[in-house]
Amino acid sequence: MSKTITIDPVTRIEGHSKITIQLDDNGHVADARFHVTQFRGFEKMTEGRPFYEMPALTGRICGICPVSHLMASAKAGDALLAVQIPETAEDLRRIMNLAQIAQSHALSFFHLSSPDFVMGFDADPTERNIFGVMQKYPELAKDGIALRKFGQSIIELLGGKRIHPSWVVPGGVSSPLTEEHHATIMAQIPAAREQILRTLEWYKSIFEDFDAEMRSFANFPTLFMGLVNEDGELAMYDGKIRIMDGMGNIVADKLEPKNYQDYIAEAVEPDSYLKSPYYRPMGYPDGIYRVGPLARMNLISRCGTPLADQEWAEFRTLQRGAVLSSFHFHYARLVEILYCVERIEQLLNRPNILSKHVRAHAEPNRLEGVGMSEAPRGTLLHHYKIDENGLIRWVNLVIATGNNNLAMNKGVLQVARQFIHSTKIEEPMLNRVEAVIRTFDPCLSCSTHAIGQMAMHVQLLAPDGDVVDEVYRG
Amino acid sequence: MRDAYCVRYSTQTPCEATKTLVIGYGNPLRGDDGIGWVLANRLMTVEGITAVSAHQLLPELIDQIAEADHVIFVDATVQGKPGDIVVREIFPDTMGLATSHGMEPVVMLAYVEHLYGRSPQAHLVTITGEDFGYKENLSPLIASKIDEVQTKIETLI
């Protein structure tokens with residue numbers, strides 16, 4: 001008799017989801033699906049609001065990565081104003097964006113994923129948690145806390161508060177950087193650099209122990225998409241879209257973000273509130289692509305900062321063409337944290353970084369605007385249409401995590417087939433199915449514009465819908 | 001699995017504890033949920049106290065907690081009757097609520113205990129809120145309780 005295994009909720013991720021695994025009559029995995037069970041509705045609820053409120057409103061989509069939404073939203077607002085923001089404002093936005101990425105990656109790696117690396121995927125859940133990490137490697141845990149604090153403190157110094165700062169606005173930023181805050185941030189750089197280098201050294205010494213996971217965690221060819229600058233370097237704030245195939249060939253390059261509808265389309269599946277973006281020219285679902293740290297490491301010709309360039313070069317030796325296993329999202333995140341630390345220092349050393357000219361003022365001069373930037377989890381896009389009074393008429397948000405939806409689904413199926421072979425559900429099997437999702441570090445609160453309250457249980461269903469077995473987690 | 005981290009670094013000893021830390025947390029845009037912020041801001045001027053206001057309890061506060069010999073958490077609650085003030089001593093507990101959006105005080109203490117081998121004396125002061133609507137002001141009832149709560153906190157020191 002075929003059966004369905006449901007993992008609900010998926011743990012150690014942002015937001016709420018469940019995984020359904022369908023077994024055939026022989027107990028083999030026939031299908032697996034990743035369902036996002038939240039619904040938010042920001043695209044609808046912001047209609048009628050003044051466009052200049054959008055950064056503050058869309059920042060409320062998420063308490064973990066509000067800065068990402070501030071960036072994309074403000075850039076869409078810049079387009080509506082038809083202004084070029086002051087250079088200093090752009091640099092300051094970049095610094096905040098980089099700080100956001102660093103702290104988010106630190107959260108993902110140290111707090112959500114390190115228990116698997118440190119304690120092992122097969123360890124008992126009572127030990128396979130952050131307290132287990134603290135017990136075994138307290139300095140690793142301290143470095144993780146410190147790196148997150150580094151990013152959060154920069155956000156607070158620039159924006160006035162760590163969560164939902166309202167400093168990024170259409171036209172620029174609302175206040176310049178003070179000398180005092182500049183000095184405070186600069187003083188933190190050496191320690192942050194040391195912490196991430198230490199973590200990289202440790203991770204590179206252990207990750208190859210996870211051979212089975214590397215081979216099976218969403219390890220398949222897909223397209224990769226992300227922003228790069230004019231030199232093909234890592235571009236977290238602004239650039240043009242590059243798309244690469246699984247062999248490392250550039251499929252499309254220098255694509256304008258504002259023309260995204262020419263190359264990105266979105267499909268909707270009935271069992272999930274998360275839409276499935278795909279590369280339009282290749283159709284659905286063949287146009288599957290990945291975004292985020294792994295994609296960015298594949299797309300670029302270099303990072304653009306000295307130590308990150310060295311680490312990136314070493315990372316790229318993992319595989320010729322393109323690095324395909326999503327397990328290496330973790331490694332890519334660490335390289336990106338290093339890049340963020342170095343790049344923040346470069347920007348702070350720019351001669352005009354303390355300039356008071358940080359905002360361009362104008363009335364709306366266009367009725368449509370698109371803003372795109374790289375969030376911790378990948379490419380993020382805000383598209384607004386306004387009326388003559390500057391009120392929002394229509395919104396489309398293409399969220400970083402949503403871009404990875406097809407790949408996450410395919411990854412769940414792949415790892416389920418690798419690790420689940422019978423109707424006997426064992427904890428390590430389920431942890432690996434969850435862990436493949438964690439490699440993507442999905443932010444489901446963002447990607448479904450949602451609130452989540454849901455029952456927490458695992459159900460085993462017969463084909464006729466009868467509940468064969470039930471397990472409660474948490 | 002190689003023990004690179006264990007080999008390179010010895011266990012750090014915590015800083016010598018010398019002060020009281022008050023952490024007032026909550027959402028100041030949700031009415032009475034902002035009581036923690038109000039009290040923390042008031043206590044910033046009181047000698048002998050280091051006061052911090054925060055939206056949520058997150059690991060970034062660990063260092064400050066580890067350096068204190070006494071930490072007092074201040075928060076609104078929905079338990080009890082509006083205006084109730086409860087003061088209780090709390091202890092490290094790894095089984096408390098911990099998400100990437102926030103942690104319970106007992107989990108924060110557990111973090112400190114695990115990382116530094118000790119945890120400061122700790123109290124949790126809660127005030128039962130009356131109105132958690134979308135506003136920046138406290139309700140009149142809770143606003144009238146501020147002095148009383150502050151006195152209770154100062155008594156603990």
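How many aromatic pairs does the structure hold over all chains? The structure holds 19, where rings of Phe, Tyr and Trp (its six-membered ring) pair if their centres lie within 6.5 Å, and planes under 30 degrees apart count as stacked, over 60 as edge-to-face and the rest as tilted.

This is a predicted model, in which local features need pLDDT of at least 70 and side-chain atom pairs count only at pLDDT 80 or more, while totals for chains, interfaces and linings use all residues. Residues are numbered from 1 along each chain as its sequence is written, chains are lettered from A and ligands numbered from 1 in the order in which they are written, and side-chain values use heavy atoms, without hydrogens and water.

**Aromatic rings**

A pair of aromatic rings is described by the distance of the centres and the angle of the planes. The rings of Phe117(A) and Phe327(A) have centres 5.9 Å apart and planes at 75 degrees, so this pair is edge-to-face. Phe117(A) is in helix α4 of chain A and Phe327(A) in the loop between α10 and α11 (329-348), so the pair ties together parts 210 residues apart in sequence; helices (H or I, at least four residues) and strands (E, at least two) are DSSP runs, numbered from the N terminus. Phe117(A) is buried, at 1% relative accessible area, and Phe327(A) is buried at 0%. Here buried means under 20% relative accessible area, exposed over 50%, and partly exposed in between (1.4 Å probe, protein chains only).

Phe207(A) and Tyr331(A) form a tilted pair, because their ring centres are 5.3 Å apart and their planes at 55 degrees. Both Phe207(A) and Tyr331(A) are buried. One aromatic cluster includes Phe117(A), Phe207(A), Phe327(A) and Tyr331(A).

**Salt bridges**

Side chains of opposite charge can pair when their charged atoms come close. A salt bridge is a side-chain nitrogen of Lys or Arg within 4 Å of a carboxyl oxygen of Asp or Glu, and the count over all chains is 32.

| Glu90(A) | Arg94(A) | 2.7 Å |

Glu90(A) and Arg94(A) both lie in helix α4 (residues 87-119) of chain A, four residues apart, about one turn of the helix. Glu90(A) is partly exposed at 26% relative accessibility, whereas Arg94(A) is buried at 18%. In the second pair, Glu233(A) is buried at 13% and Arg302(A) is partly exposed at 37%. A network of salt bridges links Asp116(A), Arg128(A), Glu434(A) and Arg438(A).
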